[in-house]
Amino acid sequence: MTRDESNETDGDTEVGERGDRIDRDDVSTRTDASDDSDTSERASAGETPSDEDPSESVPVENVPSEGGTAGDATGDGANVGDTGGAFEFGSRTRTETEVDLDVDEVLADEEDNTGLFDDLLSGEPIFENKEVLRPSYTPHELPHRTDQINKMATILVSALRGETPSNILIYGKTGTGKTASAKFVSQELESTSQKYDVPCEVEYINCEVTDTQYRVLAQLANKFIEKNKAVIDNRLSELRDLRSHAAENLDALAGTEFASVDDVADRIADLEGDREEIEEVPMTGWPTDRVYTTFFDAVDYHERVVVIMLDEIDKLVEKSGDDTLYNLSRMNSELENSRISIMGISNDLKFTDFLDPRVKSSLGEEEIVFPPYDANQLRDILQHRSDIAFKDDALTEDVIPLCAAFAAQEHGDARRALDLLRTAGELAERSQADLVEESHVRQAQDKIELDRVVEVVRTLPTQSKIVLFSIILLEKNGVHNVNTGEVFNIYKRLCEEIDADVLTQRRVTDLISELDMLGIVNAVVVSKGRYGRTKEISLSVPIDETEAVLLSDSRLGDIEDAQPFVQARFDN
Ligand SMILES: Nc1ncnc2c1ncn2[C@@H]1O[C@H](COP(=O)(O)OP(=O)(O)OP(=O)(O)O)[C@@H](O)[C@H]1O
C-alpha cells in the first residue's frame, strides 16, 4: 500500500468515527451495550445516588451531544433494561431519556434552520451526474481514438494466445486520451482473458507517484504476492474438499493428478508451506536486488502473461534513470512460467533519448502516437459526456462549441475541455441559472486560467517572486514596458528590505526569462538603435490577484509600504 493509500484509509476511518457520533441508532446501540464496570466501581466505593457528586453526572448528561466520550457513555448508560440497584436504575434512566431528548433537540434545530441550504437546493439542478465530467471517470466510449485502441488491441491479443506481446510506447500531449484508452484496452483484455480462461493480467503504475526502481518493483511484487495468495487459498480450499471427499470415497480422486489421500495431503502441506513463506516487500529498507528477486519469483509463481502499464514513464526515467526499464525488459529471457510485456505512456516525445540503446529498442518495439484533438473532435467528446452529465436541455447551443474551441486553442486537451464544461455548469448552478450559457463558459475560462496563474505564482521560488513583485510595483505606478535595469533597481531595494540575498543583474534577467516562459510576463527584445538592445517587460496576468498571491507569502508580506521603492526608478 502506498503512503497515499494509507492516508486515505486513515481519513476514512476518522470520517466514519465522526459519522458514528451523530448517528441516532448508534446512540441507542451504545446505550444498550453492557459495561457496568464504572457503576460497580462506584457502588463498591459506597456511593449512593444521594451522595453522588453532581459534577460526576456531567459526562453522563453530555453523552449525546459530546458523543466523543463513547466509552464513558456506554458505561453509565449501560443497563437500561436491568433491574439493578436504585443508583444504577436512576442513573441509567436519566441517561436514556436525555439521549433521546438531545437527539430530538438536534432534529428540531434542523427543522428550525435558516434555510441556508434550502435556497440552494430549491433550484432545478443542472447536473444529472457531475462525476462523469471529472478526470477520475473512465468513459466506456472514446470517440476519435478507435485507430489507437485497435492498434493496441492488435498488439496485445497475443497475450490471449499465451504469447508475449511486443512492448508498446504511447506518446501524446497531455489530455489526448492516452491513459483513458490504455485503461479501456486493459479492462477489455482482462475481461476477455477471464471469459476464455487464459491467465493474463494487467498492472497499472503511475510513475509520477511511484518514481524509483525500488518503489516500482516493490509495488509490483506486492500486487503479484496478493494475487498469488488468492490463488493458493483457492487451490487449498479445493484440495481440502477433495481430501475430505476422498477420505469417504476414493472414487473422488478419479480424473485428478492424485493417486491417494496422502498425495492430496502432501500437496496441501506444500501449498501451506508456500503460503507461509510469502513475504511482502516493505516500502523501504530492503536491498534493491532482493526486491527484484521477490518480484521475479512472484511473477513467475504460475503461468501467465503480464502487461505492466507504466504511465508517465518519462518521470521515472527523469527521477531514477533507466535501470528499472532495463531490468524489466530483460526479464523474459529468465522467466520460466510467465511472460511480461511493458506498455509505457509518456507526454514527452524525447524521453527515449536518455535511454540506454538496448532499453530504447526493446521498449519501443511498437509506438503509438496520440495526436491532439481538434475542435470538432473535442465537440464530439463533450457531447457524449454532456448527455450523461447534464439534465436534458440544460445547455444552450453554443456552450459545447465554445468549450471545444477554447480547449483546441490550448493544445487539443480533452481534460481541459471537460474541466471547462464542468466549471461552466458549476458557475451556472451557483448563480441559480436555469441554463448553462456562453457567458458561464467565458467565466469558467477566466476562472481556470486564474487558478492556474495563482498556482504557478504561489509555487515560484522566493527570488522569482521578488522579481515579479518588482514588475508589479512598476506597473501599478503607471510604468509600463519596463526594462531589466528598472526591474533590477526595485528588486535590489526589496531584497534589502526583507533581508534576502541580492542576485546579480544577469541572474535576474534569467529569472525574467523563466517568468516569460511560464506565461506570467511578456518580455520582448527591442532594439534601441545605437544604444543597443534591451528587453521590454510587461505583465501577462491579472495584476491584483497576482499581487495578492505574492503578498500571501510570509516573506513578501513583510514589505510594509511598497510605494517609496518605486521612486528608486527615478533616483537612478
Ligand atoms: N476520446 C475521448 N473520449 C472521451 N473522453 C476522453 C477522450 N480522450 C480523453 N478523454 C478524457 O479526457 C481526460 C484526460 O484523458 P487522459 O487522462 O487519458 O489523457 P492523457 O493523454 O493520459 O493525459 P496525461 O498525459 O496528462 O496523463 C480524461 O477525463 C478522459 O476521460
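**View 1. Helices α10 and α11 in a predicted model.** Angles over 145 degrees count as roughly antiparallel, so that is how α10 and α11 sit relative to each other. Among the residues making the contact are Leu-236, Leu-239 and Arg-243 of α10, along with Val-264, Ile-268 and Leu-271 of α11. Sorted by type, the contact residues come out as 11 nonpolar, 7 charged and no polar.

**View 2. An open sheet of 5 strands.** Follow the order β2-β3-β4-β1-β5, with parallel pairing. At the edges you'll find β2 (200–206) and β5 (366–370), each pairing on one side only. From one strand to the next, the twist averages 15 degrees. Zoom in on β2 and β3 (residues 304–311), and you get a parallel pair joined over 7 bridges; Glu-203 has Ile-308 of β3 as its bridge partner.

**View 3. Helices on the sheet: α9 and α13.** Helix α9 (residues 178–195) packs on the sheet and touches β1, β2, β3, β4 and β5, with its direction at about 155 degrees to that of β2. Helix α13 (residues 313–320) lies across β3 and β4, running at about 90 degrees to β4.

**View 4. Ser-329 in helix α14.** This residue belongs to α14, which spans residues 323–329. Ser-329 counts as buried because it has 22 C-beta neighbours inside 10 Å. Leaving aside neighbours within four places in sequence, its contacts include Asn-167, Ile-342 and Ser-362. Ser-362 is 33 residues away along the chain, yet the C-alpha atoms of Ser-329 and Ser-362 are separated by 6.7 Å.

Notes: Residues numbered from 1 in each chain as written. Predicted model: local features only at pLDDT ≥ 70, side-chain atom pairs only at ≥ 80, totals over all residues. Axes fitted to C-alpha atoms, helices over the stretch in contact; angles between N-to-C directions. Helix = DSSP H or I, 4+ residues; strand = E, 2+ residues; numbered from the N terminus. Parallel < 35°, antiparallel > 145°, perpendicular 65-115°, else oblique. Contact = placed C-beta atoms within 7 Å. Nonpolar A, V, L, I, M, F, W, Y, C, P; charged D, E, K, R; others polar. Buried ≥ 20, exposed ≤ 12 C-beta atoms within 10 Å, placed from the backbone. Pairing = 2+ DSSP bridges.
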